[in-house]
Amino acid sequence: MRTEVTPINSYPKYWAECYGTAPFLPTSREEMDALGWDSCDIIIVTGDAYVDHPSFGMAVIGRVLEAQGFRVGILAQPDWNSKEPFMALGKPNLFFGITAGNMDSMINRYTADRKLRHDDAYTPNNEGGKRPDRAVLVYSQRCREAYKDTPIVLGGIEASLRRLAHYDYWSDKVRRSVLFDAKGDILLFGNAERALIEVAHRLADGEDITTMTNIAGTAVILKELPAGYKEIDSSRIEKPGKAMPMPNPYATEETCATNKDAKAEEKAAAVAEAKPFTIQPSRHDSKTTAVRLPSYEKLRNDRILYAHASRIMHLEANPYSSRALIQRHGDRELWVNKPPVPLTTEEMDFVFGLPYARVPHPMYGKAKIPAYDMIKTSVNIMRGCFGGCSFCSITEHEGRIIQNRSHESILNELEEIRDKVPGFTGTISDLGGPTANMYRLGCSDPKAEINCRRPSCIFPDICKKLDTDHKHTIDLYRKARQVKGIKKIMIASGVRYDLAIESPEYIRELVTHHVGGYLKIAPEHTEKGTLDLMMKPGMGTYDRFKELFDKYSKEAGKKQYLIPYFISAHPGSTDEDMLNLALWLKQNDFQCDQVQNFYPSPMCNATAMYHSETNPLKRVKYKQREDLFVAKGDRQRRLHKALLRYHDPANWSLIREALLNMGKKHLIGSRPECLVPEEGSDAELTPAQRRGSSRHGAKRFATKHPNQPDIRKDGQRGQGSSRQGQSARGGDSQARSGNGPARGGNGPKAGNKPGASKGQAQGNGQKPKSKGSFSGKPSSRNGNGKPARAKAR
């Protein structure tokens, strides 16, 4: 049976409930006085501007705690140069909650090339520099200076993905758990409502925070292993056993089996073709067993051991059957409890049904907050992702089990948007989550779900136990369109097309009613070797989705286009892989705009690949391991990015040099199969082309088909016109390893979506001279046996 937990809305209310609901959580003493408060019970310090909206973490956590009866104050983007701004609301009675905001502060501040950004979508007027680097550390230090004995609770995307010893791209080294560097008392990871409410009530009951060592979804510092636990070394989990043919060695469990069943499976696997292998649940009780990871001191000097530790951490991610992790840091132990139990639909409805003002705090006046403008008319219908993409950390943060809201809750929010959002025109910009079409999808076998350790339910193939029926999503779309005052509903969240093709009726519904000219999807690459490392499907699946997309668009009488995203410089992607991707783009008449290299964000599998240059998706050994090519260094990464923008004259010189070095001189010239023209042909270009400018020069995030208008008649951007347009959807942002908000949870944890999405390129449609649709006929086959791309031969 699943773990019994206390529903988050069933705790006895704290005495301060008598003060009622605040129109906005106070940010100053004057606001506290107006509410009749003499003090705050909890103060949340955040790196984002305060927007009272369920897509912003500080608002979600603040309102959840307020609903428990606590008085909650907000210190939004305080000046971190002294302790005084952290004393503006006085000393909190219970604790400080520290979050960097909806994005990791380093990803928010620096590009994938480690260059300084000068804007910040979560700050009024898009102004950069309003939060410090490594904000969790700095904010914690200032709170400790202000009130030495006040407990500090860390949370949010930055703390969540840095809860263990982790590779830090910006310093190019392995750093300690952020809990040690920030000197916090406890760290909450993942969707933190459940853990945070328990911590708050136990502190309110007079319990010392040092005794709270067993709360799911938390990490603490201990001197020794808790009583009643036994530990097993991580190497024992990976102890070599019988060789078994598996298409994905990372898929260690698909079903829960008895001993007899497991033996039968082993015998059958020995004579059958390769297939995912089935094992019985671990003999180690998750309630009394902890897995010892290699110490921080070992990991910082051993990249192969780091890959092993990363693999073990990803295996221990099931909230029902995973074991606690323990990792030595100097003379102390980092104790990481199992992930939090997902919220039920009733609990999700409770969280999203709280009295949010749905607008920025009045202190910002008329200042524009881009992240809010992006999501003010969007609705987050679910949390979590079972895709398991290696470049993405959503699963490590929000979990693999989808947490769904009810239709009633979602429809109520649509009505709230209609009634509360200033200037609402009737268009809902998104109805989605981390992935648009995972709503109410999940494992059909509860026993298997509890024991499963697979990182993905859909790679290398869709699990037979996964329910892929999109009927709940289709019904939701149809109900939502009937809400009075709603004229148009767009789907801006990325669609997982390998799931969508399992439900053609969903594609028909989506294409007919919810695509405004463009739909963004993410093949990420064209080469099977790289796609396998990404844990993404082959391009044959993309081709099948495109066939259905074009078919239903034609039936609806619409000209609509797919906007694909691609990652450059992903670990394992060689120069020739990137060349083949560029040739596929050219043959299909795509021109990529807003190109971004892979961004190694903390905790994701691809970051372990980047650092270790080996494959943690397979058992990691010092000998006979799978070494990977990793594009490192400015020149190598610039080349991979340049290949995705093969059409830009500024990149031709670099591409020519690379083609000559690769022995691909035949791809230089004016023939249709050539990638770039010969040197000297620049003279035929217009001045604008020689400058590298284009019709998109004034539209930084525009990504469109050149034969379609930039703006729809209703004034809204065409669907999929901007990757950044998905940026502020909900908060725990950079979970996708890149540069732009993503989607996610809450905090003192941090928010719900936007995020450093991932290093990628957006397809920009056909070249102006091209006629017809994006239906080039590639010459080779890939993945699922469908035509895929032109090869560089």
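In this predicted model, strands S9 and S10 pair in the parallel sense through four bridges. Within that pairing, Lys 230 stands opposite Thr 289 of S10. Strand S10, which spans residues 289-293, also pairs with S11, again in the parallel sense and over four bridges. Here Val 291 is the residue that faces Leu 325 in S11.

Strand S11 comprises residues 324-329 and is mostly covered, with five of its six residues buried. Arg 328 has Glu 333 in S12 as its bridge partner. The hairpin that S11 and S12 form has two residues between the strands, and Gly 330 adopts a positive phi near 65 degrees there. Pairing of this kind, whether parallel or antiparallel, is made through backbone hydrogen bonds.

These strands belong to an open sheet of ten strands with mixed pairing, ordered S2-S1-S3-S4-S7-S8-S12-S11-S10-S9. Its edges are formed by strand S2 (72-76) and strand S9 (230-233), each of which pairs on one side only. On average, neighbouring strands of the sheet are turned by 25 degrees against each other, direction ignored. Towards the S2 end of this order, helix H2 (residues 57-67) lies across strand S1 (42-46) and S2, and runs at about 175 degrees to S1.

In helix H17, residues 471-481, the buried residues are Thr 473, Ile 474, Leu 476, Tyr 477 and Ala 480. They lie on the same side of H17, because they cover an arc of only 160 degrees around the axis. What do these buried residues of H17 pack against? Their partners are helix H15 (407-420), strand S17 (430-432), strand S20 (488-489) and helix H19 (504-513).

A further helix pair is formed by H24 (residues 634-644) and H25 (residues 652-661), which pack at an angle of about 105 degrees with their axes 10 Å apart. Angles of 65 to 115 degrees count as roughly perpendicular, and H24 and H25 are therefore roughly perpendicular to each other. On the H24 side, the contact consists of Arg 635, Arg 638, Leu 639, Ala 642 and Leu 643, which meet Leu 654, Ile 655, Glu 657 and Ala 658 of H25. The residues of this contact divide into six nonpolar, no polar and three charged.

Definitions and conventions:
Residues are numbered from 1 along each chain as its sequence is written. This is a predicted model: local features need pLDDT of at least 70, side-chain atom pairs count only at pLDDT 80 or more; totals for chains, interfaces and linings use all residues. Side-chain values use heavy atoms; hydrogens and water are left out. Buried means under 20% relative accessible area, exposed over 50%, partly exposed in between (1.4 Å probe, protein chains only). The arc is that of the directions from the helix axis to the C-beta atoms. Contact means heavy atoms within 4.5 Å. Two strands pair if DSSP finds at least two bridges between them. Axes are lines fitted to C-alpha atoms, for helices over the stretch in contact, and angles run from 0 to 180 degrees between N-to-C directions. Angles under 35 degrees count as roughly parallel, over 145 as roughly antiparallel, 65 to 115 as roughly perpendicular and the rest as oblique. Ala, Val, Leu, Ile, Met, Phe, Trp, Tyr, Cys and Pro count as nonpolar, Asp, Glu, Lys and Arg as charged, and the others, Gly among them, as polar.
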